[in-house]
Amino acid sequence: MHEYYKKNQKKLVKQMKKILGPVKADIEDVTGVDGNYFLKKVENVYVNQYLQYLPYIGGSKNSGTMNLTHPAFLAAMYDYGRRYGMTVYEAGEISAKAFDIYYDSFPKFLLSAISKLLYSDLSQKILKKIIDRKKIFADKYPYAWLSEYQEPDREYSHRFIIHRCGIYEFLKDRDIAEFIPYICNLDYIMFGKLGIPLRRNKTISCGDESCDFLFAREGEVADAWPPPFLDPDNDLK
């Protein structure tokens, strides 16, 4: 285990419990196993099978690190849950509900402030700076996200492309590749809570060469469940 994850292990496990704790009843319904017992076992899987091998991409200096640690405990939940018959769809639904509850715990004024900031002219400079900074980590760490900034247009206020996804690279060879699109689907929950109509037509986890993130200037937020990628008539992924 990298020293960064070892040092922050208690904090990361606490975060896992905070997010998955409210869906213990859902886990019990799916697996027939006591929720507290199940989450204790998931904690062991998370620490010993995921954090143990999770690649370092810059730690707290790289905001993308959270995009590794959070999905890793969801993957651990599905990984362990399969032995009790948990399907990938059920794991995806539980994950979606858990993060829906988690984002609902954020103060409304904070979500509103973030939303206003994202639609401000200043946010373009911030986004470009963040992506430029992440390129430094991407050049140094093979599992760090590699993104490309694109100028806004009349239809979209923000546009960027992800060419390399760290969590995809980490999970694709761990026999749970089918779960990765459900992790990506959580983006619709997060941006939906901010009132931002995310339009994403490509994802690496669904077999595309990149992921496109487009924030529509107009329109309704996309429904996060059922996942758009399961609907053959829906262009979103």
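Colleague: Before we start, what counts as a pocket here, and how is a volume defined?
Modeller: A pocket is an open set of grid points with protein on both sides within 12 Å along at least five of seven lines. Its volume is the space filled by probe spheres set on the points. Keep in mind that this is a predicted model.

Colleague: Fine. How much space lies in the second largest pocket?
Modeller: About 290 Å³.

Colleague: Which residues lie nearest its centre?
Modeller: Y4, K11, L12, M66 and T69. They belong to a lining of 15 residues.

Colleague: Which helix gives the largest share of that lining?
Modeller: α2, with five residues. Both α2 (9-20) and α5 supply at least two.

Colleague: And the lining by class?
Modeller: Nine polar, three nonpolar and three charged residues line the second largest pocket.

Colleague: Now the largest pocket. What volume does it have?
Modeller: About 1400 Å³. Its lining has 40 residues, and M66, N67, D187, M190 and F191 are the closest to its centre.

Colleague: Which elements each supply at least two residues to the largest pocket's lining?
Modeller: Among the helices are α5 (66-81), α6 (88-104), α7 (108-118) and α11 (186-193). The strands are β2 (156-164) and β4 (211-216). α8 (121-140) is there too, and α8 gives the largest share, six residues.

Technical notes. Residues are numbered from 1 along each chain as its sequence is written. This is a predicted model: local features need pLDDT of at least 70, side-chain atom pairs count only at pLDDT 80 or more; totals for chains, interfaces and linings use all residues. Side-chain values use heavy atoms; hydrogens and water are left out. On a 1 Å grid over the protein atoms alone, a cavity is a set of points where a 1.4 Å probe fits but cannot get out, and a pocket is an open set with protein on both sides within 12 Å along at least five of seven lines; lining residues have an atom within 4 Å of a point. Helices (H or I, at least four residues) and strands (E, at least two) are DSSP runs, numbered from the N terminus. Ala, Val, Leu, Ile, Met, Phe, Trp, Tyr, Cys and Pro count as nonpolar, Asp, Glu, Lys and Arg as charged, and the others, Gly among them, as polar.
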